[in-house]
Amino acid sequence: MQIQSGKDLLGLRELPEADIESILKTAASMKEIFTRPVRRVPPLIAKNIVTLFYEPSTRTAASFHLAARMLSASVNNIQVTSSSVKKGETLIDTVKNLEAMGMDAVIIRHSMAGAPHLVAQNIKGSVINAGDGFNEHPTQGLLDIFTMREKKGKLKDKKVLIVGDILHSRVARSNIWGLKTLGAKVTVVGPPTLIPKDIEKTGVTVSYNLDKEIKDADFVNVLRIQLERQEAGLFPSLEEYHKLYGINAERLKKAKNDVVVMHPGPINRGVEISSDVADGPYNVILDQVTNGVAVRMAVLFLLLGGKRAKR
Ligand code: CP
């Protein structure tokens, strides 16, 4: 075990700064492998990794698979919809059976907050949280932080705006915990109905005025608006949402010349972000996706027996 805080990566809330720095430094080394003619290295050649996604995913699932293969691990994807989960098998029974087959690590996404933590208490192998309910999505937080560092260096006192549906966002929570640990100034902006009560206790500033906050922001991290939230009456209409909280070229004119616009994906074009921004010069959305592979390689490498990067 090489991430000092434990055998697992369950969230950024408890992850010490030294571990975040170790992952970021190791990810930078991993990214160098992308430039080689043969993009494969051997350190996890003897390791068996299972992905177990109870919710849909494109980016996280694909990049974990790619990351594991680039480190020469064997990867098995359990299709939950065609597995014995459908016959009523419990989560704990499922992972204990996978461990009995020789699994070294499970990468799990689940709609229930805390599901990865429960698995971690019940198996000896490593558990990586790939998103649990509204709680955390730690590798997304780490890849966002890696991308921010790549663009603007150290994050201490940098202003990061997180815009949109903070209430239902595990990406927001992992960003907040990791960014606060690294000394960034985080402001959350969105409709009052989508901002959790007491979020100030995490050390963030709350605002409902995007046009004011965007003026001095270094980074604008735009969250996906889950379309079912409108049906629940949490904001009047998608058009109204875009008018008040959407990131578009007109609104970006108020921002600094070097503002960086981010989005974890998937994008609702024309709702939380317009196409002219999503495809425009300030966005780093596909850089985030590329960096996701490097960050996930680093996490797998450090958890499954790699050496820590020298600080
Ligand atoms: N950002 C993110 O978690 O995307 P996926 O749901 O496609 O994995």
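Let me start with the ligand, around which we find Ser57, Thr58, Arg59, Thr60, Arg109, His137, Gln140, Pro264 and Gly265, where a residue counts as near if one of its heavy atoms lies within 4 Å of the molecule. Please keep in mind that this is a predicted model, in which local features need pLDDT of at least 70 and side-chain atom pairs count only at pLDDT 80 or more, while totals for chains, interfaces and linings use all residues. Residues are numbered from 1 along each chain as its sequence is written, and side-chain values use heavy atoms, with hydrogens and water left out.

Of the shell residues, one is nonpolar, six are polar and two are charged, with Gly counted among the polar ones and Pro among the nonpolar.

Turning to individual atoms, an N or O atom in the side chain of Ser57 lies 2.6 Å from an oxygen atom of the ligand, and a polar backbone atom of Thr58 lies 2.8 Å from a ligand oxygen. On Gly265, a polar backbone atom is 3.2 Å from a nitrogen atom of the ligand. On its own the ligand has 250 Å² of accessible area, and the protein covers 90% of that, as computed by the Shrake-Rupley method with a 1.4 Å probe.

Now the wider setting. The chain is divided into domain 1 (17-136 + 291-303) and domain 2 (138-288), with bounds that come from an automatic or database domain assignment. Each of these two domains gives at least three residues to the shell around the ligand. The domain centres, taken over C-alpha atoms, are 26 Å apart, and 26 residues of domain 1 are in contact with 27 residues of domain 2, contact meaning heavy atoms within 4.5 Å.

Conventions
Polar contact = N/O pair within 3.5 Å; in protein donor to acceptor, adjacent residues only side chain to side chain.
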